[in-house]
Structure formats: structure tokens, C-alpha cells
Amino acid sequence: RVESGLAPGPIGIPLLGNAWRLPAERSWIYLHSLCEQYGPIVGLRVFGNNMLVLDKLEDVQELLVKRSQNYSSRKPMVYAGKYRSSNERIVMLPYGPMLKKQRAAMHQMLNPKVVGAYDDLLEDAAMKLLSAIVADPSKPYISLKRFTSETLFTLIYGTQFGENNEDLRTILHIIETMIQDMHPFGHVVDMLPILDRLPDVLAPWRVEARRKNISDFQFYSRLLRDVKQKMDANTHVECFAARLWDSAKYIGIDERTMAYVAGSAFEGGTDNTAGVVLWFLVLALHFPAAVKKAQAELNEVLGSDGRTPPSFAHIGQLPNCVALVKEVFRWMPTAPLSFPHFSMKDDVYKGIKISAGTNVIPNIWAIHHDEELYPEPFEFKPERFLASTEDVRTDSLNEGHYAFGFGRRICPGQYFASKSAWIAIVRLAWAFNIDSPLGVNGNPILPDLGACRAGLTAEPKPFDVILTPRSAGHVQAIVQGS
Ligand code: HEM
């Protein structure tokens, strides 16, 4: 294949290509193994689609960043994009004017300067997280999921979930089904787009996707209008949706697009952020020394009596706590294969022909485990980030790793996300001793570091962890502060 100018890679079988080889779990490890076999740029055919896997940072930087004009689109998805999202959900938008408008709207709401205004919101939510764990230490998973969804919900709509949690349930259901619908092999029509020519009677999937489109839109639209009603009644609402209402005309988006922009922010952020904090707990069990170091720093700066919880105002004095969170982002990026970028024109790179319509996949996990960039990559060593945190700022949480993707599609929520993860992780380390349960032989039962749920994102499989408050003073501060 090298001679033909195509990227080297395994030969596929007719129709399926290499689809049958791709494992449902931890596909990033499999794709990295192909790169070890064939070279850092691997080409694959999957159900008639061209895929290009990039294992090295320099190739990702060249294609997705320097040549981003050509590599910033997304593959058209029939079920999830055309019908379920009426071509309006940002994550699946092709490169063009609608994408630029939606990203401009997101940037206005989520750029590093604006994100500083949400510090109180994040600190309050993190305190509620600690308090929920103190009240019921057996369910940290549920408390964490609630922390990420509620902070995002409050950020976006300026309100909390109601008593009956109806909105929480609806929104989590939308996310879960969207993830399934966006999977490249989730619907036959996305593998055989010709099926889209069938009339509705022969295409029940289309009717179903349109039905979901209507109910998603009605839900997001109601939330958006609730905010407008409060604004019209002169109630002070400081949130993402209120800013959207204020700037919609200037950005050039209508109410329908606004509903999707706000909803997409929620969809994009919830699972990824919870995943980072869950990975922190898994890593804390395997590498307790790193957590002890952060706890020692917290004691030194804030005292060991538990009276003062860490907050964003302390970040400059907590370089070890910043390095700790960056190392979690590096060790297990929760979107290990990012989201495929789609090329718009034919291109040639390092002698390899890349045709228009190729799905380009940056293997973030492989880059984060490249020992030339990160020596001893399988060790959890926050100190590798210490040198760069001499001048510790909250933005530095996003530097030195690639967990948020690349180029013109880089995660628009990255600054809010890294601050959410930081405050949750550092407050967990401040509040609790983090231990594994003991087995019959008295040895700790450690979670499997490689156990991830199936899918394109990486969330650890359920694991047991014991969180014990570090002192009565900590408990008092948590109860009083929440
Ligand atoms: C730790 C948490 C998060 C991680 C690791 C993460 C990671 C990512 C990655 C890797 C991408 C794909 C980038 C690319 O295509 O190159 C992405 C896209 C996106 N993220 Fe995040 N994200 C997180 C949190 C958030 C939050 C909090 C929000 C919103 C408030 C958000 C909104 C989005 C949106 C809307 C997109 C699609 C952008 C586009 O297609 O142009 N994410 N994210």
C-alpha cells in the first residue's frame, strides 16, 4: 500500500472492510497496536469509509492544526445528524457557516475570561458533592454524576434540577441515546447510506429518529424559554442561556439554534467530566503517594484542621494539586480517540494520499503514552507537570496534554471542564482518605486499570472505593459549607 501512495494498514474483507476487527472496548489500544505494526499513520477501510489513524503528535499537529482548513469537518451521519439533529447539533456539523456561528456562541459563553465568573457556582457544587458523599459514602458514583450534570445544568440554564429530578432523567436519557445513535456502527443506514432513499414506510428508523428530534427540541426549547421568561420578568439570571438570548442577534442565530447550542453544551460536557473524576479515584487507589503529596500541600497551605477548603483563589499556591489533575487528564483521556475529523479535499502528506472524505482519528491515548513526550508513560507521575506550573494559572490546567482535542474543533467547553475537574478532584483529596476495600487475605482489592466501559469514551467500569473524612473538622466544614 505504501507504493500505491495509500497509508499502510491491514487489508479488509469486502463490504465490511476492517469493521470486524475493531473491538467494542478500548479500541484506542487496538488502533495503537496497528500503528506499532504498520507505522504511525495507518489507513483502514471500515464499511466503505476511509479511516486514517494518527498515533504521533507531530502528524496530528500538521494535519488537524496546521492544515485545519481541510480537516475540520465531520462525517455526515444520517440517523443521528440528518434526522435526529436536523443537521443542527454542533458536534456533527460539517465545517461551514453554521458551525462557525455555533462555535462563536459557545466561545462567548465559555472562553477563559468568562469562565472565571462561574467560580462560585463550581465551588458550591463541589461542596454539595462532598456533602452528598459524607451523607452516603456508598454511592460516590451517583453523587459524582449528579455533580457534573447539575453544575452544567446550572451553568447553562441558571437553575437546579427540580425536586422530582424529571429534567435530570430526561437529559441523561437524551445523552445516553445520542451516544448510541452517534456510534459509527449504531445504525445500518450510516453504514449503507443508500438506505436513506427508502420511503418512510420501509424506513421505520427514520420515523423514530424524527420523533426523537421533536422531543429533544421541545425539551431544550422549554428550558430556553423558561430563562427568557425570567429575563422578561426582570429576574436576575446569569447563565449561558441568558447570554445566548442577549447575543443571538449579533451572532446571527435563531431560537431553534440557540436551543441546540445550549443543549449540546450539556450533552458534550456531562459524561466526560464525570469520567475524569472517576479516573482520579481509580488512580488514587493505585498510586496513593501522589495523593498524599497533594494532601501534604493542602495541609501546608490551608492548615490541617479542615476549616478552609481549597478554592480557586488558592490555585497559585497549589502547584502539586494542579499537576495532579493534569496527570489524570494525561493518564486516561476520557475521549481517547477524540471525535473523528473529516477531510474535505484530497491531500498528500509524507507521500501518503489522503482522499477527500477521510475520517481522521487522532489517538490521544497513544500520544499521551508516547514515551518520548512523557517518559515512563504508564506511571502516574504528576511531577512531570511541575516544571510548567511554576506560574500556576487555571488556564495551565489545559496545557501540556491533548485531552480536549485539536484545531478548529477543539472542545469549546475545555476551560469550564478543567476547572470543574480540578475543584472536584482537589476537594475530594482535601476531604477524604481514599482507600480500597480489603479482601479476605487483608490485601486491598484494587480496580483493574484497564477496565473501561464499552464505547468511544473511556469511563472506568464500576469499582469499589472507601472515602473516609480526613478529620471531624473537615466534616464540620463540609456540612456548614454545603
Ligand atoms: C473533561 C471534560 C471534557 C473533555 C475531556 C472533553 C473533550 C472533548 C473532545 C476530545 C472533543 C472533540 C474535539 C475534536 O474534535 O478535536 C470535544 C468536543 C466538544 N465538547 Fe468537550 N470535553 C469535555 C467537557 C466539555 C464541556 C464541559 C462542554 C460544554 C460546556 C463540552 C462541549 C463540547 C462540544 C460542544 C464539542 C463539539 C465541538 C465541535 O464539534 O466543534 N465539552 N470535547
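Reply: The model is a predicted one.

Strand β1 (residues 41-46) runs antiparallel to β2, and 6 bridges join the two. Within this pair, Val42 stands opposite Val53 of β2, while Arg45 has Asn50 of β2 as its bridge partner. The two strands form a hairpin with 2 residues between them, and in this hairpin Phe47 adopts a positive phi near 50°.

Strand β2 is also joined to strand β6 (residues 358-362), here by 5 bridges, and this pair runs parallel. Leu52 is placed opposite Val360 of β6.

How enclosed is β2 (residues 49-54) by the rest of the structure? Of its 6 residues, 5 are buried, so the strand is largely enclosed. The threshold applied is that a residue is buried when 20 or more other C-beta atoms lie within 10 Å of its own.

Strand β7 (residues 432-435) is joined to strand β8 (residues 466-469) by 4 bridges, and the two run antiparallel. In a regular strand the side chains alternate between the two faces of the sheet. In β7, Phe432 and Ile434 make up the covered face, whereas Asn433 and Asp435 make up the uncovered one. Asp435 has Ile466 of β8 as its bridge partner.

The surroundings also include a residue in a loop. Leu318 is located in the loop between α13 (288-302) and α14. Leu318 has 21 C-beta neighbours inside 10 Å and therefore counts as buried. Leaving aside residues up to four places away in sequence, Leu318 touches Glu297, Val301 and Pro310. From the C-alpha atom of Leu318 to that of Pro362 the separation is 32 Å, and these residues are 44 residues apart along the chain.

Helix α14 (residues 319-331) packs against α12 at an angle of about 100°, and the axes are 10 Å apart. The two helices are therefore roughly perpendicular to each other. On the α12 side the contact is made by Val276, Trp279, Phe280 and Leu283, and on the α14 side by Val328, Phe329 and Trp331. By class, the residues of this contact are 7 nonpolar, no polar and no charged.

The shell around the ligand comprises 28 residues, of which the closest are Gly268, Gly269, Gly405, Cys411 and Gly413. Two or more residues of this shell come from each of α4 (97-110), α12 and α16 (414-431). Helix α12 contributes the most, with 7 residues. The classes represented in the shell are 16 nonpolar, 10 polar and 2 charged residues.

Notes: Residues are numbered from 1 along each chain as its sequence is written. This is a predicted model: local features need pLDDT of at least 70, side-chain atom pairs count only at pLDDT 80 or more; totals for chains, interfaces and linings use all residues. A residue is near a molecule or strand if its C-beta atom, placed from the backbone, lies within 6 Å of it. Ala, Val, Leu, Ile, Met, Phe, Trp, Tyr, Cys and Pro count as nonpolar, Asp, Glu, Lys and Arg as charged, and the others, Gly among them, as polar. A residue is buried if 20 or more other C-beta atoms lie within 10 Å of its own, exposed if 12 or fewer, and partly exposed in between; C-beta atoms are placed from the backbone. Two strands pair if DSSP finds at least two bridges between them. Axes are lines fitted to C-alpha atoms, for helices over the stretch in contact, and angles run from 0 to 180 degrees between N-to-C directions. Angles under 35 degrees count as roughly parallel, over 145 as roughly antiparallel, 65 to 115 as roughly perpendicular and the rest as oblique. Two residues are in contact if their C-beta atoms, placed from the backbone, lie within 7 Å.
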